[in-house]
Amino acid sequence: MAAKAFQKIFTKITQITKATCTLKASGVGNDELATVNGRLAQVVKIANDEVTLQVFTGTEGIPTDAEVIFLGKAPSLKVSELLAGRFFNAYGDPIDGGPEVDGEEIEIGGPSVNPVRRKQPSELIATGIAGIDLNNTLVSGQKIPFFADPDQPFNQVMAMVALRAKTDKIILGAMGMTNDDYLYFKNVFSNAGVLDRIISFINTTENPSVERLLIPDMALTAAEYFAVEKNEKVLVLLTDMTSYAEALSIVSNRMDQIPSKDSMPGSLYSDLAKIYEKAVQFPEGGSITIIAVTSLSGGDITNAVPDNTGYITEGQLFLRRDSDVGKVIVDPFRSLSRLKQLVIGKKTREDHPQVMNAAVRLYADAANAKTKMENGFDLTNYDERTMAFAKDYSTQLLAIDVNIGVTEMLDVAWNLFSEHFTPEEVNIKQELVNKYWKK
Amino acid sequence: MSTKGIVKGIVSNLVIVEVDGAVSQNEICYITLSGTKLMAEVIKVIGKNAYVQVFESTRGLRVGDEVEFTGHMLEVTLGPGMLSKNYDGLQNDLDKMDGVFLKRGDYTFALDKDKLWDYSPIAKVGDTVKAGDWLGEVDENFQPHKIMVPFVFEGEYTVKELAPAGKYTIYENIATLTNAQGEDIQVNMIQKWPVKRPVTLYKEKPRPFKLLETGVRTIDTANPIVEGGTGFIPGPFGTGKTVLQHGISKQAEADIVIIAACGERANEVVEIFTEFPHLDDPHTGRKLMERTIIVANTSNMPVAAREASVYTAMTMAEYYRSMGLKVLLMADSTSRWAQALREMSNRLEELPGPDAFPMDLSAIISNFYGRAGFVYLNNGATGSITFIGTVSPAGGNLKEPVTENTKKVARCFYALEQDRADKKRYPAINPIDSYSKYLEYPEFEDYIKDLISEDWIEKVNEMKNRLLRGKEIAEQINILGDDGVPLEYHVTFWKSELIDFVILQQDAFDAIDSVCPIDRQKYMLDFVIDVCRTDFQFNGFLEVMDYFKKMINLFKQMNYSEYKSENFYSFESELKKLIAERA
Ligand SMILES: Nc1ncnc2c1ncn2[C@@H]1O[C@H](COP(=O)(O)OP(=O)(O)OP(=O)(O)O)[C@@H](O)[C@H]1O
Ligand SMILES: [Mg+2]
C-alpha cells in the first residue's frame with residue numbers, strides 16, 4: 001500500500017513493545033491503519049498527541065525513527081463478484097498469483113444488522129450425517145462451532161458438510177492453520193470442482209499470529225457482500241477460533257489490560273460475539289451461516305474460549321471416537337443445535353422431534369448400563385437391550401460416515417426401536433407409535 | 001449556555017473529553033464525528049477531563065473532535081405507544097430505522113407522533129394531585145394506559161382544566177395543573193425519566209404474596225414466583241435459560257411483559273417478534289405481541305448501551321406499574337450487563353474486585369432487583385413488577401461474582417443443571433437445589449391455600465422430600481447395585497422418577513404440554529401424590545421398573561392430551577386399571 005501525497009509522515013516513536021509502538025502524531029482517527037516502515041499497523045489508543053499502534057507482524061527490528069504513515073482508513077476489502085474462486089491473505093491481498101480484485105472498498109468489521117431486518121431462520125441444511133441432521137439439525141443463518149481436540153477430524157467433517165450443503169458461496173477463514181491443512185482444503189475443494197464458489201482468507205502457522213485478527217472480519221465482509229447485495233446463501237468456515245482468541249490475548253496483554261479468565265481479555269465475549277452474530281438470514285433470501293472450529297485442550301470446555309463461544313453460538317458439535325464400534329461419531333449428549341426446533345417436525349417428518357429425543361434417552365440408558373457393568377454389577381435384560389441398541393445406533397446413525405436423507409434416518413431409528421424395545425419403553429406419543437412402530 | 005468539550009483521548013469506546021464548564025456524573029453528551037452525533041454518558045470526572053462511554057463504535061474519532069453536553073442524564077420517553085415495539089437499549093425504535101444495518105448516530109423517536117389516542121379523563125377539576133396520580137386514560141392495545149402527573153413534578157398541584165374525552169396525539173395538552181406558587185403547567189401524554197433513578201411514587205411496598213402463574217409446573221408447583229417477586233435462572237450455556245424465559249413470557253398471567261435481551265443472540269429476539277404476533281395470550285385470547293415490549297441490545301451491539309438496556313426496560317416497567325398493572329420483566333442475561341460494567345471499569349483502570357468485576361457489583365445488582373416489587377399506589381390500586389433475570393456463569397461454575405451477588409437479592413432460585421439438560425430432562429431445573437423463599441411467607445401460604453387447596457403446601461413438601469429420598473437411593477443403588485438394596489428402595493426411587501417425569505419435566509415445544517394452568521397442575525399433583533402414597537406389591541426390582549415405566553408413559557400421554565378431553569380421560573382410566581393391578 002503506497003503512501004499518497006496528502007498522508008502525513010511521522011518519524012518519532014517514543015515507546016515499543018512486542019506488538020505495539022507509540023508515537024507523537026496528530027489528526028489520527030481511532031481504528032485507522034498505518035504503516036510502520038512498511039509494516040501494517042492499526043491505531044488502538046489515542047491519548048492527547050500520543051498514538052499507540054498495534055503492528056500486525058510484530059515490532060521486531062522496528063527502530064525509534066521508523067517512518068510511520070497514516071492511511072486515513074480502517075482495514076478494508078474490495079468486494080465484487082471477482083472475489084469468487086480467489087485466495088487472499090489476512091489483509092485481503094491475493095496469494096494465488098492472480099490480479100488484485102477490483103470492486104467497492106468496504107471497511108471490515110462494519111455495523112451490525114438491525115435485528116428487525118432479520119428473518120427467522122427456517123431452512124434446513126442437509127449434510128447426510130445423521131449425527132447432525134437427525135440430532136443436531138443445522139439451519140441457514142445459524143452459527144455453530146465444532147468443539148474438538150486437535151487430533152479429531154474436524155476439518156474433514158467441516159469440508160464434508162460444506163460440500164454437501166446447498167450454498168452459493170463457501171468462504172474459508174483460516175487462522176493459524178497448518179500449511180498441510182490449508183493444502184487439504186484446497187485439494188478437497190478443487191477435486192470437488194467447486195473452486196469457483198470458494199473464497200479463502202488464509203493465515204497459516206507460518207504467518208504472524210496478530211494478522212489473524214483480521215481474518216474473520218475479512219471473510220464476513222465478503223460474506224455480507226454476497227448475502228446482502230447478491231441475495232446468496234453463504235457458508236463461512238472459520239477455523240480455528242481458538243487461534244484467533246490467542247492472538248487477541250497477546251495483543252490485549254501487551255496493552256496492559258487486566259486479563260480475565262485464562263489470560264483472555266475481559267472483552268472476549270463481545271469480541272467473539274461481534275464475529276458470530278454476523279450469521280443471519282435476510283428476508284430477501286440471502287444468508288450467512290457460520291460453521292467454526294474451536295479447538296479444545298484435553299476436552300476442557302470450561303476454558304474461557306469454548307465457554308464464551310458456547311454462550312454465543314447456537315449450539316455446538318462434538319466429535320468423539322466410540323471405542324465400542326470403532327468409529328468417530330457426533331456425540332449426541334454434548335452436541336446441540338439450538339435452531340433445530342425451527343425445522344424438525346416442520347420441514348421434516350412429524351415424528352422427528354420425538355424420535356430424536358427417544359433415541360438419545362435410550363442411548364443415555366445404555367451409558368448408565370455400561371457404567372453398571374464396569375462397576376461389576378449384574379445387568380438387567382433391559383440394560384443389555386439398551387447396550388445392543390447403542391451399538392446399532394452408533395454404527396447406523398451417529399457415525400460420521402453415514403450419508404442418508406432425514407426420512408431414512410427416522411425409519412432406521414424406528415427399526416432400531418422395535419428391534420430392541422417395546423413401545424412403552426420408548427416413551428413416544430401414542431399416535432406416532434400407532435403410525436410408525438415397525439411390526 | 002451548555003457545556004462544550006473536545007476529545008483528548010480514545011481507548012475503544014472510552015473517550016476522554018476536556019470540558020469548558022460544569023458537567024455532572026451520568027450526564028449525556030454528543031460527540032460529533034464527521035457530521036454524525038454519537039451519544040455518550042459521563043462515567044468519571046477528573047479536573048477538566050470528563051471520561052465518557054460512547055454508545056457507538058468510535059472508529060475514525062479524532063483528538064480535537066467536538067462534544068456538546070445536554071444537561072440531563074440518560075432518559076427514556078414514556079407515553080402510550082410503547083407496547084409491541086422493538087427498541088434498542090437506548091429506547092430507539094428499531095422499526096423506524098432505515099436500511100439493513102444499524103447506522104451510527106441514528107436515533108429514532110420511541111413513540112408515534114401522529115397517532116390519535118382515545119382519551120377519557122379520570123381526575124376532576126379541583127382535585128389535588130401529585131406525581132404519578134392518574135389524570136386520564138387511553139386505550140393502548142386494550143390496556144387501560146393511564147396518563148399520569150409527570151413523575152418529575154414535585155409537590156402538590158390543583159387540576160385547573162382537563163381536556164374532554166376525545167382523540168388526541170401524545171403532544172396535545174390534556175390537563176392544566178396549578179402549582180403551589182399559582183403557576184399553570186400544561187401536561188400532555190408524554191414524560192421523561194432518567195433510567196438509573198428508581199420510580200418510587202407509591203404509598204407502600206409490602207411483601208409480595210400473590211401467585212404469578214407461569215404455566216410451568218416446576219415453577220408454579222414446586223417453587224412458585226409471586227406478583228412483584230424476584231427470581232433468577234443461572235445455568236451453563238445451552239441448559240435452557242432462554243427457552244424457560246420465553247415460555248414464561250408467553251404463558252405468565254401478566255398484563256405487560258417486557259423482555260430485555262441483554263447481550264444475547266439476535267436470532268432469539270427475532271424469534272419473539274416473529275412468533276408473538278401470532279400467538280394468543282392464554283389469559284385474554286389477544287395476541288401476545290400486544291402486551292409485549294422488546295428491548296434488544298444483542299451481543300453485537302455496542303457494549304455501553306448494553307448496560308443501559310436493563311435500566312431502560314426497568315424504567316418502562318415502573319411506568320406501567322404506576323398505572324396499576326401487573327408487569328413481568330425478564331432480562332437475558334444479567335451476566336452480560338455485569339460484563340459490560342467490567343469492560344468499562346477495566347478501561348477506567350479502577351481497582352478490580354473478584355474476577356475483575358467492579359468492586360460495587362453487589363450494590364449495583366441489589367439496587368436493580370430492589371426496583372421490582374408489589375406496590376399499593378397512592379389511590380389504593382395495586383401494581384407489580386416481577387423480575388426474572390438469567391445468569392450465565394463462566395464455565396458453568398456458580399461460585400462466581402454475578403451468581404453469588406444475585407443469590408443474595410433474588411428470592412427464587414432456579415438452578416439449571418448440565419446433567420439434567422444432557423439427559424434431556426427439561427426444564428433442566430434442579431429440583432433439590434432450587435428454591436422459592438415465598439413458600440415460607442405465611443401470607444403466601446394463606447393465599448395459596450385459598451386459591452388451590454388446604455393441603456397444597458403439604459403435598460408440595462411431600463413431593464420435594466420424595467425427590468430428595470429418590471436421589472439418595474439412586475446414589476446407594478449406584479454403589480451397592482440393584483440387588484444390594486431392599487426392594488422397597490426401588491419402589492421409592494421409581495416414585496421419585498414418576499414425580500420427575502410427570503410433574504417436573506415439561507415439553508416446551510409441545511403445544512399442549514408447554515402450558516399447564518394451575519387447576520391442571522393441582523389435578524396432576526393430587527394424582528401423582530395419590531400414586532406415591534399407594535402400596536404396591538412386587539416380586540423383584542425388575543417388575544418395579546417395568547411397572548413404573550408403563551405408568552410414566554401413560555401419565556406423559558395425559559400431559560400431552562388436552563385437559564379433560566376424551567383422550568385425557570381414556571389414558572387416566574388406563575392408568576387407574578394399571579394401578580389397581582398391583583395396589
Ligand atoms: N423445556 C425444554 N424443552 C425442550 N428442549 C429444551 C427445553 N429447554 C431447553 N431446551 C433445548 O436446549 C437448547 C438450549 O436452550 P436455551 O437456548 O434456552 O439455553 P440457554 O441456557 O439460554 O443457553 P445460553 O446461555 O447459551 O443462552 C434449546 O435450543 C432446546 O433445544
Ligand atoms: Mg440463552
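At 15% relative accessibility, Ile400(A) counts as buried, where buried means under 20% relative accessible area, exposed over 50% and partly exposed in between (1.4 Å probe, protein chains only). The model is predicted: local features need pLDDT of at least 70, side-chain atom pairs count only at pLDDT 80 or more, and totals for chains, interfaces and linings use all residues. Residues are numbered from 1 along each chain as its sequence is written, chains are lettered from A and ligands numbered from 1 in the order in which they are written, and side-chain values use heavy atoms, with hydrogens and water left out.

Ile400(A) sits in the loop between helix 9 (381–398) and helix 10 (406–420) of chain A; helices (H or I, at least four residues) and strands (E, at least two) are DSSP runs numbered from the N terminus. Its contacts (heavy atoms within 4.5 Å), leaving out residues up to four places away in sequence, include Ile129(A), Pro153(A), Leu319(A) and Val330(A).

Chain A is divided into domain 1 (2–70), domain 2 (76–340) and domain 3 (352–436), the bounds coming from an automatic or database domain assignment. The contact takes 25 residues from domain 2 of chain A and 22 residues from domain 3 of chain A. Taken over C-alpha atoms, the centres of these two domains are separated by 33 Å.

Asn30(A) lies between strand 3 (20–24) and strand 4 (33–36) of chain A. It touches residues of both chains, among them Val43(A), Ile46(A), Ile10(B) and Arg59(B).

Some backbone geometry is worth a look. Most residues other than glycine have a negative phi, and most peptide bonds are trans. Asn37(A), in the loop between strand 4 and strand 5 (39–47) of chain A, has a positive phi of about 45° and is partly exposed at 43% relative accessible area. Asn427(A) has phi near 60° and is buried at 16% relative accessibility. A cis peptide bond with omega of about 10° joins Thr239(A) and Asp240(A). In chain B, the peptide bond from Tyr426(B) to Pro427(B) is cis, with omega near -10°.

The domain assignment of chain B gives domain 1 (4–73), domain 2 (117–189), domain 3 (217–439) and domain 4 (456–582). Helix 10 of chain B covers residues 456–480. Its 25 residues should span 36 Å, and the end C-alpha atoms are 36 Å apart, which agrees; the expected span is 1.5 Å times one less than the number of residues. The buried residues of this helix, including Trp456(B), Met463(B) and Ile477(B), pack against helix 1 (217–222), helix 9 (442–451), helix 11 (487–504) and helix 12 (518–533) of chain B. Just after helix 10, Gly481(B) takes a positive phi of about 90°.

A search of the whole structure finds four cavities of 30 Å³ or more. On a 1 Å grid over the protein atoms alone, a cavity is a set of points where a 1.4 Å probe fits but cannot get out, and lining residues have an atom within 4 Å of a point. The largest cavity holds about 80 Å³ of space, a volume being the space filled by probe spheres set on the points, which are joined across faces, edges and corners. Its lining includes Thr242(B), Ala260(B), Glu268(B) and Asp332(B).

Methods. On a 1 Å grid over the protein atoms alone, a cavity is a set of points where a 1.4 Å probe fits but cannot get out, and a pocket is an open set with protein on both sides within 12 Å along at least five of seven lines; lining residues have an atom within 4 Å of a point.
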